[in-house]
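Here's a quick briefing to read alongside the model. Have the structure open and follow along.

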Amino acid sequence: MARYAMVIDLQKCVGCQACTVACNSEWEVPVGYARTHVHYAGPAGVIPHLVAGPYVAQCNHCSHPTCVRACPTGATYQTDQGSVVVNRDLCIGCGFCVEACPYGARFLDPVRNKVDKCDFCAARVEKGLQPACVITCTAHAKFFGDLEDASSSVSQMVYEKGARRNETPAVHIGPNVYYLGRKANVDLALASFAPRPPRLAAPGRFWRDAVKPLVLAAIGATFLGQAIAFFNQLVKGEGQFDD
Amino acid sequence: MPFETLPIEPVILSAEQAEVMAQRQLKKHHVAIILLHWFNATVWLLELATGGALISSVFYRFAPGWYLEMLTSMFGSRANLLRFHIVLGVVWTTVFFVYGIFGHRTYLKMEILQREVGLDADDWRWLRVRLLRILGKSREHLPPQGIYNAGQKLFAVMIYIMIPVIMLTGMTMAFHWFGPAAIRWAIVVHFAAVGMVVSGLMVHVYMGAVFPEEKPAFFSMITGTVNELFAYRHHFKWWREVKMQEKQWEQAWEREQSGEPAAPSPPAELTAPPSPPQPSALMRALRARDYWPPYIAGAGLGLTLLATFFVMGQGLGASGGFTRYLVAILSLFAPGYTAASAYWSNYYQPGHSPLLDFLVFEIIGAAIGGLVSGWLSGRLKFTVDKGPRISRRTRYLLATGGGVLTGFGARLARGCTSGLALSGGAVLSAGAFVFMLAVFAAGFMGAYFMRRYWL
């Protein structure tokens with residue numbers, strides 16, 4: 001078992017978007033969309049104590065992902081390494097997961113008509129390579145590794161240098177992307193790009209709360225009715241109807 | 001004729017009347033409808049089985065985890081499961097569309113729909129009485145019914161509404177029609193529509209397969225007919241229609257016989273003597289005395305090759321199969337030598353029969369197929385195909401010599417016309433094309449020198 005995680009050092013990040021470009025070209029993401037973005041937080045505070053800086057957003061590969069439960073077909077699932085990936089063959093492009101993700105990490109790819117997002121470069125990692133954004137990062141601000149391996153750089157940064165997750169008291173689903181940096185900068189970045197509450201889209205709620213119970217009730221009632229009729233038939237016997 | 005005048009309402013039948021009626025069969029379903037029914041039933045079974053396993057989210061799923069795992073491992077992967085579900089759904093939709101396009105005059109006309117699915121006052125009363133009787137709360141007689149009873153009609157109404165809904169929502173999901181918001185709702189509507197049909201389907205299956213009174217209805221979906229007694233007791237209004245029709249035909253026929261100038265002449269197809277059954281176009285083609293055009297045979301051979309690749313994962317072949325027959329004979333007498341020989345051991349390991357191979361059976365099948373084809377065309381006889389100027393003995397000698405050369409050459413080339421030229425050519429093997437060119441070149445040259453043996 002492993003627990004893949006990423007640490008992003010916001011103090012080193014220069015906001016150059018090289019990661020976005022590397023990711024888009026590596027995975028042929030359609031123009032206008034991206035699996036990872038660099039946003040800018042701030043400036044905030046009062047002169048001369050201003051705080052501002054970049055924030056890198058991507059899929060957090062949460063330990064308790066809301067998107068997996070929302071996906072009807074099981075196209076989105078959690079791997080043994082803890083990353084959350086999409087099986088495009090199963091995806092029907094309904095977008096329930098897009099609504100469910102509190103971080104806005106998912107989008108519907110208009111070319112393939114399927115959902116797309118960061119998968120921690122699963123295909124590269126399988127070959128023993130680092131994710132495209134990590135090796136491209138001009139400032140060496142991104143780190144990828146196994147959190148359960150005590151010798152890995154990510155676990156040292158998380159457990160010893162105190163890298164932080166983007167969580168709020170309302171939304172804590174165990175994201176596995178961690179942020180390092182000056183406290184004021186990280187505070188501002190996480191506050192500016194805090195997760196929104198996860199949503200189950202209206203058809204999903206309707207399905208879960210109304211349609212599924214009603215359908216099961218209808219089938220159950222029919223079954224019960226037939227069981228009664230069948231019991232009557234057994235009691236009466238077939239002899240009566242000899243035509 | 002058990003009745004002098006047709007009763008308006010069902011009356012108690014005498015024993016003889018019931019006996020006669022039980023023996024007579026009335027036609028109820030056209031064979032096209034029977035086929036469609038069982039095709040539909042099969043599709044529903046498979047689509048329900050795969051569809052149930054496709055919903056995996058804890059929010060919506062209803063099938064237990066082990067069922068999902070079982071279906072997934074049966075199909076290899078969940079993606080295959082989804083592909084199967086979609087492909088079968090498209091096939092199902094296509095078949096219904098073909099029926100709709102070619103049969104809309106028969107099945108989708110307003111008066112037909114009125115007759116087969118429209119519920120009248122008797123039907124609503126029937127539903128109430130039927131329910132009470134099943135529950136054992138009433139002994140009231142059921143009101144007379146048309147060709148379908150009210151329960152069947154009710155189910156049919158639901159099917160007529162739900163099937164297009166299921167098709168449309170299924171296509172929306174499968175082909176990403178109308179955008180993501182539509183897909184989201186399509187999932188829910190697809191599920192709800194299928195759920196409603198399933199709860200009706202349970203009654204339908206129970207009534208057809210288990211309920212004793214409706215057994216003849218079940219068998220009518222296989223034979224197409226019901227006995228008259230069942231029709232009288234369960235579908236009185238339909239029975240009466242059929243009887244009225246028969247009466248009209250009889251009267252028309254009697255008028256014809258007595259030579260009366262019939263006032264309104266009945267439709268021609270009712271009075272014309274039945275023409276002897278014509279063989280179908282397929283049957284006529286199969287029984288043609290002439291050989292088929294080579295172009296059709298070529299296309300047929302290509303399709304056979306395609307089917308062989310699809311089913312067996314390998315192409316056609318002949319010499320490889322014959323080699324295996326030889327190895328089988330050789331290993332009977334000298335198994336040690338066969339296993340040690342560099343060439344023969346390719347086909348023989350002690351303990352494994354060299355005959356367990358597709359090509360061995362393919363050759364048997366080809367022989368049987370040729371026999372059947374010759375028999376169908378009336379060409380079957382013992383004969384030696386030879387030119388007019390040579391004796392039988394020369395022909396045998398030449399054929400044997402040619403056979404030896406062909407066999408040797410084929411194994412040298414690692415394949416014959418079937419194995420190398422056809423199957424190899426189908427997978428664009430370079431050797432196949434070289435072989436084919438060489439065969440034609442050598443054939444042209446050889447034919448010149450051998451022409452006197454045939455002309």
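Let's start with a sheet in chain A: an open one of four strands, in the order β8-β1-β10-β9, with mixed pairing. Strands here are DSSP E runs of at least two residues, helices are H or I runs of at least four, both numbered from the N terminus, and two strands pair if DSSP finds at least two bridges between them. Keep in mind that this is a predicted model, where local features need pLDDT of at least 70 and side-chain atom pairs count only at pLDDT 80 or more, while totals for chains, interfaces and linings use all residues. Residues are numbered from 1 along each chain as its sequence is written, with chains lettered from A and ligands numbered from 1 in the order in which they are written.

**The sheet in chain A**
- β8 (142-146) and β9 (164-165) of chain A sit at the edges with a single partner strand each, so one side of each has no neighbour in the sheet.
- β9(A) is joined by two bridges to β10 (residues 177-180) of chain A, and the two run antiparallel.
- R164(A) has Y179(A) as its bridge partner in β10(A).

**Where chain A meets chain B**
- The contact takes 38 residues from chain A and 36 residues from chain B, with two residues in contact if their C-beta atoms, placed from the backbone, lie within 7 Å.
- On the chain A side, α2 (66-70) and α8 (202-236) are the elements that give two or more residues.
- α8(A) gives the most to that side, with 18 residues.
- By class, the chain A side has 21 nonpolar, 11 polar and six charged residues; Ala, Val, Leu, Ile, Met, Phe, Trp, Tyr, Cys and Pro count as nonpolar, Asp, Glu, Lys and Arg as charged, and the others, Gly among them, as polar.

**A helix pair in chain B**
- The axes of α2 (residues 31-54) and α4 (residues 78-107) of chain B come within 10 Å and cross at roughly 155 degrees; axes are lines fitted to C-alpha atoms, for helices over the stretch in contact, and angles run from 0 to 180 degrees between N-to-C directions.
- That makes α2(B) roughly antiparallel to α4(B) (angles over 145 degrees count as such).
- The contact includes F39(B) and L46(B) of α2(B) and W92(B) and Y99(B) of α4(B).
- Its residues divide into 14 nonpolar, five polar and one charged.

**Chain B overall**
- The secondary structure of chain B comes to 20 helices and two strands.
- Buried residues (20 or more other C-beta atoms within 10 Å of their own, placed from the backbone) make up 20% of the 455 residues in chain B.

Methods:
Parallel < 35°, antiparallel > 145°, perpendicular 65-115°, else oblique. Buried ≥ 20, exposed ≤ 12 C-beta atoms within 10 Å, placed from the backbone.
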